[in-house]
Amino acid sequence: MSKESRMKATINQKLTEMGERERLKELLRAKLTECGWKDQMKAHCKEVIKEKGLEHVTVEDLMVEITPKGRALVPDSVKKELLHRIRAFLAQHAT
Amino acid sequence: PCVDRLLLSDLCDVKMDGLAQDILSDLVEDACLGLCFEVHRAVKQGYFFLDDTDQESMRDFEIVDQPGLDVFGQVYNQWKNKECVCPNCSRSIAASRFAPHLEKCLGMGRNSSRIANRRIVTGNNTNNKSESDQEDNDDVNDNDWSYGAEKKGDVVMLLYFFNLFVVTLNIRLYQMKFTIT
């Protein structure tokens with residue numbers, strides 16, 4: 001395992017163990033709801049479901065349709081804020 | 001010397017940025033997955049398209065706001081003073097008094113044993129019929145201590161709680177012993 005991937009694994013572990021990952025998740029969820037991302041994505045879901053049929057739609061279907069658009073629609077301000085927090089954590093805990 | 005160190009820290013920053021981006025990417029994917037689960041459940045449970053209901057149907061289920069009615073339009077204090085027949089003593093009791101009566105009648109409430117004991121002691125001195133009518137008001141007399149009558153039930157309760165307290169204290173002391181060593 002390269003030094004880099006070892007560090008990455010260590011950081012990820014620290015993120016989880018210190019509860020920071022959970023806090024970041026909550027923060028992201030709140031921000032995405034606030035900025036209307038969730039409503040936009042829900043509307044997109046409706047189209048997908050109407051297409052695939054209510055009875056047959058699976059989580060995988062939704063994931064495949066939602067993820068690319070979801071990633072693209074995250075506002076820059078939200079990305080900036082999250083990155084700022086993540087970098088702060090890395091600065092403190094990555095040696 | 002200095003130049004090398006600067007380049008090294010820049011490289012470090014780039015790597016840190018990449019790592020931060022990776023972490024953000026994971027978080028976004030997680031948010032998407034969460035949404036998918038939420039939507040999927042709503043679809044399977046049948047409430048996903050609920051807010052697309054037509055105006056007319058929405059009006060059928062509008063919240064009711066009238067005195068004496070609950071939000072569904074049902075009358076809610078209709079049965080407040082209806083009479084119920086106790087399955088144990090076959091007396092007719094008002095609905096609002098029914099639960100306390102049942103507690104004492106079946107001997108299952110918090111104070112039922114205490115009151116039963118008290119009644120055993122004073123039962124010989126009082127007329128039985130007038131006593132049973134005061135059944136529901138017994139809790140009012142709870143604060144009166146008559147030093148003559150023996151409150152056997154109370155003493156038992158007291159001993160029980162005292163014992164509980166002592167046991168808990170012992171457990172705490174025992175736990176403390178472990179943390180100190």
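# Reading a predicted two-chain model

Author: Chain A has a mean pLDDT of 92, and 98% of its residues reach 70 or more; pLDDT is the predictor's confidence in each residue, from 0 to 100. This is a predicted model, in which local features need pLDDT of at least 70, side-chain atom pairs count only at pLDDT 80 or more, and totals for chains, interfaces and linings use all residues. Residues are numbered from 1 along each chain as its sequence is written, chains are lettered from A and ligands numbered from 1 in the order in which they are written, and side-chain values use heavy atoms, with hydrogens and water left out.

Reader: What makes a stretch a helix or a strand here, and how many of each does chain A have?

Author: Helices (H or I, at least four residues) and strands (E, at least two) are DSSP runs, numbered from the N terminus. Chain A has five helices and zero strands. Chain B has six helices and two strands, in the order α-α-β-β-α-α-α-α from the N terminus.

Reader: How do you know that the span of helix α3 of chain A agrees with its number of residues?

Author: The expected span is 1.5 Å times one less than the number of residues. For the 16 residues of α3(A), 37-52, that should be 22 Å, and the end C-alpha atoms are 22 Å apart, so the two agree. After α3(A) comes Gly53(A), with a positive phi near 95°.

Reader: Why is Cys86(B) called buried?

Author: Buried means under 20% relative accessible area, exposed over 50%, and partly exposed in between (1.4 Å probe, protein chains only). Cys86(B) has 1% relative accessibility and therefore counts as buried. Its place is in the loop between β1 (83-85) and β2 (92-94) of chain B. The C-alpha atoms of Cys86(B) and Cys105(B), 19 residues apart along the chain, are separated by 8.7 Å.

Reader: What makes Ser90(B) exposed?

Author: Its relative accessible area is 56%, so Ser90(B) counts as exposed. Ser90(B) is also in the loop between β1 and β2 of chain B. Most residues other than glycine have a negative phi. Ser90(B) is not a glycine, yet its phi is positive, about 60°.

Reader: How much of each chain counts as buried?

Author: In chain A the share is 35% of 95 residues; in chain B, 18% of 181 residues. Among the buried residues of α3(A) are Trp37(A), Met41(A) and Ile49(A).

Reader: What is listed by UniProt for residues 84-105 of chain B?

Author: An unreviewed UniProt entry lists "zinc finger region: SGF11-type" there. UniProt positions are given in the numbering used here, feature names are shortened, and annotations may be inferred rather than shown by experiment. In the model, this span is 50% helix and 23% strand, and its end C-alpha atoms lie 14 Å apart.

Reader: Where does UniProt list a "transmembrane region" in chain B?

Author: The unreviewed entry gives residues 155-174 of chain B. That span is 100% helix and 0% strand, with end C-alpha atoms 28 Å apart.
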